[in-house]
Amino acid sequence: LKSSSSRQHMPSSPGPATMALLNGHPTMKAFRSRQIPTEGMLNDIWETPKVMKDLLKALVKDDAAFEPPARTAADAPGTSSRIHLPRLRAPLPASHGLAGKSPLEVMAACCSVGLASAKNRILIVGCGTSYHAALTAEYLIEQLARIPVEVQLASEFKYKQPVLKSGDVLIVVSNSGETTDAVECLNRVKGHKNGKDVLTVAVVNEEDSTLARESDAFLCVMAGEEKGVTSTKAFSSTVLAFFIMAVALGEACGTLPETEIAELLAKAQELPHLLQDVIERCSKPLKRDNTQLLVGECMLWDIGCQNVLANNFIFLGRGFNFPIALEGAMKCKEIAYIHAEGYPAAEMKHGPIALIDRFMPVVVIAPIADPTYEKIKSNIEEVKARSGSVIAITEDSNHELDDLCEYVIRVPETHEYLMPLVMVIPLQLLAYMMGVLRGNEVDNPRGLIKTVSSKIP
């Protein structure tokens, strides 16, 4: 285990002397003898690449086979798109206040480009992991389609008196489609005086669910059943579904040129392969029959062993990766039972910096693709100046952080907008491994409810 007085950089592959010392340490032996369950949550994570591939196949038409139809002046924006979202392109029924328009048209009408101020907005609500997916969607939709988006916790929104106008949009995110708080938010909006003129869309993993049935339209993320209670592959598929929706909205709003759409969709098609690469390099040794691992065989396992006795973690990210920092902190709490906080890296100086010392690991999501990368480096230097222990996640080609951090977890490069989907995998696996090392029931963590949230009077 790392000495509390050491601030030296620990290399990714310890030398023979270090390996012999750590492998022979009684505490390390006790940790490394833990039985690793290979089903449940670990299997869910390993299924993520297939889930992404299936979702892309269902929602994005193959480029080679796609031939845009001849367009007329009457065609709505985006009707010739490669993106296949039939439920969002079907006209709303005559009973709806926005009858005749498709959900995609209503959402695109919220675009603020060319207007002094936006007339309408998209409001997204969710709980827990779905809330983090909603925050990622906010960044994506505002960036790609220039539509104002507001994200709120469903558990808070349901008690509010919402200000809604005709043409506003409510998107409710829920893995099960049955989450009590989310359903109550939908009912609250439908019961609003302007409810008939508000578009409601559900983003769910279960087509036969309350939210899917009662919303005006729904988008299924097609993640399938999760064996573990905590959401992993469903989170990833939800974020990808929002990415595809954001590209479709960017096309409909005219904010994305065709060349950029083609580039983004091409990068999305690479995701299954990239995620498979990340999963194998981070956790392949855990899938073998002999599960007792030695130092140097699996970096994430080494990081888990080094930090499993920590009482607190901080997760930092900027921009698109801030919601991923929140998700990493949540997984650390849910599975490892370790207190963790996710923060925008720029906010570290407002409170968290006072808590940093050698006993508090700081996980920093630091892709060089991020426009604020240099500022993230400055955040890391601030942590090191306070004797903090830094675990960074960055691309394969970036070696600028090697001498600043105890560990550098490397992932393949991709587009800035898709980097959250790559970055979240090591965070899920790290929380899983620390949960295993602490002897927790990682596939069924204490206090968590899978389908319907508890309702407290």
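Before I go on, a word on the source. The model is predicted, and local features need pLDDT of at least 70, side-chain atom pairs count only at pLDDT 80 or more, and totals for chains, interfaces and linings use all residues. Residues are numbered from 1 along each chain as its sequence is written, and side-chain values use heavy atoms, with hydrogens and water left out.

Let me return to S283. This serine is found in helix 13, residues 271–283; helices (H or I, at least four residues) and strands (E, at least two) are DSSP runs, numbered from the N terminus. S283 counts as buried because its relative accessibility is 0%, where buried means under 20% relative accessible area, exposed over 50%, and partly exposed in between, with a 1.4 Å probe and protein chains only. Leaving out residues up to four places away in sequence, S283 touches W46, L429 and M433, a contact being heavy atoms within 4.5 Å.

A second polar contact links the side chains of N175 and E226, also at 3.1 Å. N175 lies in the loop between strand 3 (169–174) and helix 9 (180–190). At 24% relative accessibility, N175 counts as partly exposed. T238 is 63 residues away from N175 along the chain, yet their C-alpha atoms are separated by 8.4 Å.

Now the chain as a whole. It has 17 helices and 10 strands, and 56% of its 457 residues count as buried. Beyond four places in sequence, the contacts of I171 include M107, I122, I124, V201 and F242.

Which strands pair with strand 6? Strand 7 (residues 339–344) runs parallel to strand 6 (residues 312–317) and is joined to it by six bridges; two strands pair if DSSP finds at least two bridges between them. From strand 6 the chain crosses through helix 15 (residues 322–336) to strand 7 in a right-handed β-α-β crossover, that is, with the strands pointing away from the viewer, the path from the first strand over the helix to the second runs clockwise. Strand 8 (residues 361–365) also pairs with strand 6 in the parallel sense, over three bridges. Within these pairings, I314 stands opposite E341 in strand 7, and L316 has V364 in strand 8 as its bridge partner. Five of the six residues of strand 6 are buried.

R146, in the loop between helix 7 (129–145) and strand 2 (149–153), has a positive phi near 55°. S387, in the loop between helix 16 (373–385) and strand 9 (389–395), has a positive phi near 65°.

Finally, confidence. The mean pLDDT, the predictor's confidence in each residue from 0 to 100, is 86 for the chain. It stays under 50 over residues 69–76 and over residues 452–457. Where pLDDT is low, the predicted coordinates should not be read in detail.

Definitions and conventions:
A polar contact is a pair of N or O atoms within 3.5 Å; within protein, one must be able to donate a hydrogen and the other to accept it, and residues adjacent in sequence count only if both atoms are side-chain atoms.
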